[in-house]
Amino acid sequence: MGSSVRGFMLGCCLLLAIAWGPVQSLVPRLQEEQLEWGETEEVPPPQDRMKGDKETQETYSPSQCYRCCDPNTPVYQAIPPPQINITILKGDKGDRGDRGLQGKVGKAGATGPRGHIGPKGQKGSIGSPGDPCKNHYAAFSVGRKKDLHSNDYFQPVLFDTEFVNLYKHFNMFTGKFYCYVPGIYFFSLNVHTWNQKETYLHIMKNEEEMVILYAQVSDRSIMQSQSLMLDLREKDEVWVRLFKGERENAIFSDEFDTYITFSGYLVKPASEP
């Protein structure tokens, strides 16, 4: 039994020795190939690899091919677009078009500040002599269609009907005649009295009483008149004043007939000799 075991173990050792021989002879050959490979090509460190990549990019030739996933692919420079000279393509100047419609007028601006006073101009030439025979005129005739009663104050008699008002020297709003042509004037006042009432009026020059038109209380109404001539200067005023109401004082008229009139005209201008 012991001899058979020993024989088996010895056979196994012989088999291992036979199989190990080729393997042992193969190991030195691999080592020799590794040494030869190391001599022919060395693996550079990382820094040397980066330098090599830059050198590869700098020495890149368009004839070489690279893949986009290759870490050593060189960076391509952008090619600028071609420049075109526009002046060469510029055409001739066209004809002028039709004028468009006028736009809307804008809002008026604010009034600007007043400018400085300009220098005084030169004296003008003497005008042509006037006509020595030129005549001056002034005339008016007005009426009132409404009756008027006195109150506690003096009041001017206003007129609502205009017969003649040359150059508008009589002002219908104030009831006054304004003298613009100095000279001798004739004035006339006509009124209709009221039954059982007194009539008391004055023809005034500025604020001065010139003449009075007066009628006592009567059972009958009558027409009363007063007239005079006045020497007026420029800007003098002539008007009719109703007396204040110490007694029943009134003048009569109606819408159908004119019972009250006041007239005046220039007789001789002061400029005539």
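1. A quick convention before anything else: buried means under 20% relative accessible area, exposed means over 50%, and partly exposed is in between (1.4 Å probe, protein chains only). On that scale Tyr-214, at 33% relative accessibility, is partly exposed, and so is Tyr-200 at 21%.

2. Provenance: this is a predicted model, in which local features need pLDDT of at least 70 and side-chain atom pairs count only at pLDDT 80 or more, while totals for chains, interfaces and linings use all residues. Residues are numbered from 1 along each chain as its sequence is written, and side-chain values use heavy atoms, with hydrogens and water left out.

3. Back to those two tyrosines. Rings of Phe, Tyr and Trp (its six-membered ring) pair if their centres lie within 6.5 Å; planes under 30 degrees apart count as stacked, over 60 as edge-to-face and the rest as tilted. By this rule there are 17 aromatic pairs. Tyr-200 and Tyr-214 make an edge-to-face one, with 5.5 Å between centres and 75° between planes. Tyr-200 sits in strand E8 and Tyr-214 in strand E9 (residues 208-215), 14 residues apart. Strands (E, at least two residues) and helices (H or I, at least four) are DSSP runs numbered from the N terminus.

4. Ring pairs also join Phe-140, Phe-159, Phe-170, Phe-177, Tyr-185, Phe-187 and Phe-262 into a cluster. Several of these names come back in the core. A nonpolar core is a set of buried Ala, Val, Leu, Ile, Met, Phe, Trp, Tyr and Cys residues joined through side-chain atoms within 4.5 Å. The largest one has 28 residues, and those touching the most other members are Phe-177, Tyr-185, Phe-187, Leu-201, Leu-232, Val-238 and Phe-262. At least two core residues come from each of strand E1 (139-144), E7, E8, E9, strand E10 (223-232), E11 and strand E13 (260-269). E7 gives the largest share, 4 residues.

5. On charges, the whole structure has 4 salt bridges, meaning a side-chain nitrogen of Lys or Arg within 4 Å of a carboxyl oxygen of Asp or Glu. Lys-176 pairs with Glu-237, closest N and O atoms 3.4 Å apart. Lys-176 is in strand E6 (residues 176-178) and Glu-237 in strand E11 (residues 237-242), so this pair ties together parts 61 residues apart in sequence. Lys-176 counts as buried, at 16% relative accessibility.

6. Lys-176 also lies over the face of Trp-239, 4.9 Å from the ring centre. The rule here is NZ of Lys or CZ of Arg within 6 Å of the ring centre and within 35 degrees of the ring normal. Lys-197 has its charged end over the ring of Trp-194, 4.4 Å from the centre.

7. Arg-247 and Glu-198 form another salt bridge, 3.9 Å from N to O. Arg-247 is in the loop between E11 and strand E12 (250-251), and Glu-198 is in the loop between strand E7 (183-192) and strand E8 (199-205), 49 residues apart. Arg-247 is exposed at 52%, whereas Glu-198 is buried at 8%.

8. Lys-168 and Glu-162 pair too, with closest N and O atoms 3.3 Å apart. Lys-168 is exposed at 54% and Glu-162 partly exposed at 38%.

9. Last, the surface. Tyr-137, Phe-163, Val-164, Leu-166 and Tyr-167 make a nonpolar patch of about 520 Å². Patches use residues with over 30% relative accessible area and no salt bridge, joining nonpolar side chains (Val, Leu, Ile, Met, Phe, Trp, Tyr) within 5 Å and like charges within 9 Å; areas are Shrake-Rupley with a 1.4 Å probe, and for residues only the protein chains shown count as cover. Tyr-167 is in the loop between strand E4 (161-165) and strand E5 (170-171), and is exposed at 55%.
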